[in-house]
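Dear colleague,

I am handing over a structure for you to look through. Please find it just below, followed by my notes on what was found in it.

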Amino acid sequence: MTNTLIRKVLARQVLDSRGNPTVEAEIHLDNGISATAIVPSGASTGSHEALELRDNDKSRYGGKEVGKAVHNIKSRIAPELIGKDATDQAEIDRILIALDGSKNKSVLGANAILAVSLCVARVAAKAVGLPLFKYLGGAQAITLPVPFANLINGGVHSDAPLDFQEFMVVPLGAPSFKEGLRYGVEIFHALKTILQEKKLGTGIGDEGGFAPSVASADQAFGLLMEATEKAGYKPAKDVFYALDAAATELYDQNSKVYGFKKSQPIQLISSHLIELYQELARKYPLVSIEDGMAENDWEGWKQLTQQLGGTLQLVGDDLFVTNKEFLKKGIEEKIANAILIKVNQVGTLTETFQTVEMAKKHGYRVMVSHRSGESEDPFIADLAVALNAGQIKTGSFCRSDRLSKYNQLLRIEELLGENAVYGIKLGDSKDD
């Protein structure tokens with residue numbers, strides 16, 4: 001008889017970083033050990049993501065309460081898991097998937113299922129006395145991720161007049177995660193000073209990046225270059241840049257055109273949008289573009305991959321939604337060369353690992369990501385190391401919901417000591 005049997009499963013509604021309700025699960029084992037886990041929530045979401053169950057009572061929290069999901073954990077999930085071994089993650093997740101029975105987890109809610117799936121992993125790790133990253137990834141989980149830090153927020157994540165969603169700094173030239181974090185933080189503070197001097201505004205968006213009054217990608221990258229140099233670093237040597245276009249938000253399925261609304265009223269067909277990316281890549285040390293095309297514009301994705309896939313990392317977020325079925329189609333059609341991993345897009349930890357395994361097997365890079373609606377839960381920091389992803393996207397360098405992940409990575413790097421490896425190589429620093 002093991003002492004890691006599940007004795008009690010609890011759930012409650014808590015708040016995320018945007019002040020919206022989300023789900024927290026709490027699991028107790030027979031040996032007295034317990035743990036909690038909180039699920040995140042996205043604002044820019046792919047239509048094929050697993051369903052986040054909301055109550056839709058507009059008189060309470062604008063309809064965003066998660067009472068139904070909490071109830072499902074207490075009344076439907078808990079009775080099935082009592083007495084099960086928490087160290088058998090695959091079996092627990094199999095039970096959760098079967099109990100829901102739908103393709104997009106719409107019966108119990110992906111937020112209910114994921115909260116339990118993550119919580120099971122955390123309580124099992126505590127029970128066997130291992131750090132979460134090592135419990136999930138084993139002895140070879142030693143790679144600290146390069147932070148893709150979203151210093152300028154646009155799109156649906158802020159009120160800045162920018163249609164593209166995220167403008168990121170990527171400290172690829174740093175010798176360690178600790179130093180890469182320092183590079184990024186110093187650039188963040190230099191950028192704040194520049195924005196104050198130029199009177200462009202220092203308000204922040206959902207992910208802790210600034211939301212200045214700039215209206216073009218050119219201006220945004222120009223500011224990042226200026227801040228990089230002001231902080232004492234060299235663009236294209238110490239620091240590179242990345243873009244999340246979130247192109248699904250711009251795409252009109254009927255006209256097949258990308259419409260810019262916040263910055264300037266222009267419309268671009270796929271080939272012209274690719275030309276814009278090419279121009280940005282010529283002017284700035286750009287190493288990665290996420291969601292460069294809309295989730296349903298597969299022909300546009302083909303063109304983008306053919307033209308830029310040899311020189312840039314092209315990350316599929318809305319395109320793949322952490323789902324191996326969509327990734328398989330992408331592999332078959334030679335679309336993109338990297339996948340963004342968001343655990344709440346697919347709904348269980350086991351499915352997340354299966355998708356990552358498929359991606360790596362076919363040469364796709366992996367980037368673990370937060371959501372714009374986050375919490376103090378640092379689970380994805382451990383997950384990034386467990387997967388040896390080499391890249392993480394968890395926002396800017398303010399707001400505790402973002403910093404909790406960075407701080408957890410500092411702890412993990414210290415724990416690994418000399419065995420820690422820092423990130424991957426991209427762009428001019430590429431060695432693979």
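Predicted model: local features only at pLDDT ≥ 70, side-chain atom pairs only at ≥ 80, totals over all residues.

Residues are numbered from 1 along each chain as its sequence is written, and side-chain values use heavy atoms, with hydrogens and water left out.

The chain is assigned domain 1 (5-129) and domain 2 (143-422), with bounds that come from an automatic or database domain assignment. The centres of the two domains, taken over C-alpha atoms, are separated by 27 Å, and their contact (heavy atoms within 4.5 Å) takes 31 residues from domain 1 and 33 residues from domain 2.

Helices here are DSSP runs (H or I, at least four residues), numbered from the N terminus, and their axes are lines fitted to C-alpha atoms over the stretch in contact, with angles from 0 to 180 degrees between N-to-C directions. Helix α2 (residues 89-100) packs against helix α3 (residues 110-128) at an angle of about 170°, the axes being 10 Å apart. The pair is therefore roughly antiparallel (over 145 degrees; 65 to 115 counts as roughly perpendicular). On the α2 side the contact is made by Gln89, Ile92, Asp93, Leu96 and Asp100, and on the α3 side by Ile113, Val116, Ser117, Val120 and Ala121.

With helix α11 (residues 349-361), α2 packs at about 110°, with the axes 8 Å apart, which makes α2 roughly perpendicular to α11. In this case Gln89, Ala90, Asp93 and Ile97 of α2 meet Leu349, Thr350 and Glu351 of α11.

The largest pocket has a volume of about 390 Å³. A pocket is taken on a 1 Å grid over the protein atoms alone, as an open set of points where a 1.4 Å probe fits, with protein on both sides within 12 Å along at least five of seven lines, and lining residues have an atom within 4 Å of a point; the volume is the space filled by probe spheres set on the points. Of the 22 lining residues, Lys103, Asn323, Glu325, Val346 and Glu351 are the closest to the pocket centre. At least two lining residues come from each of α2, α9 (324-332), α10 (343-346) and α11, and at least three from each of domain 1 and domain 2.

Best regards

Terms used: Parallel < 35°, antiparallel > 145°, perpendicular 65-115°, else oblique.
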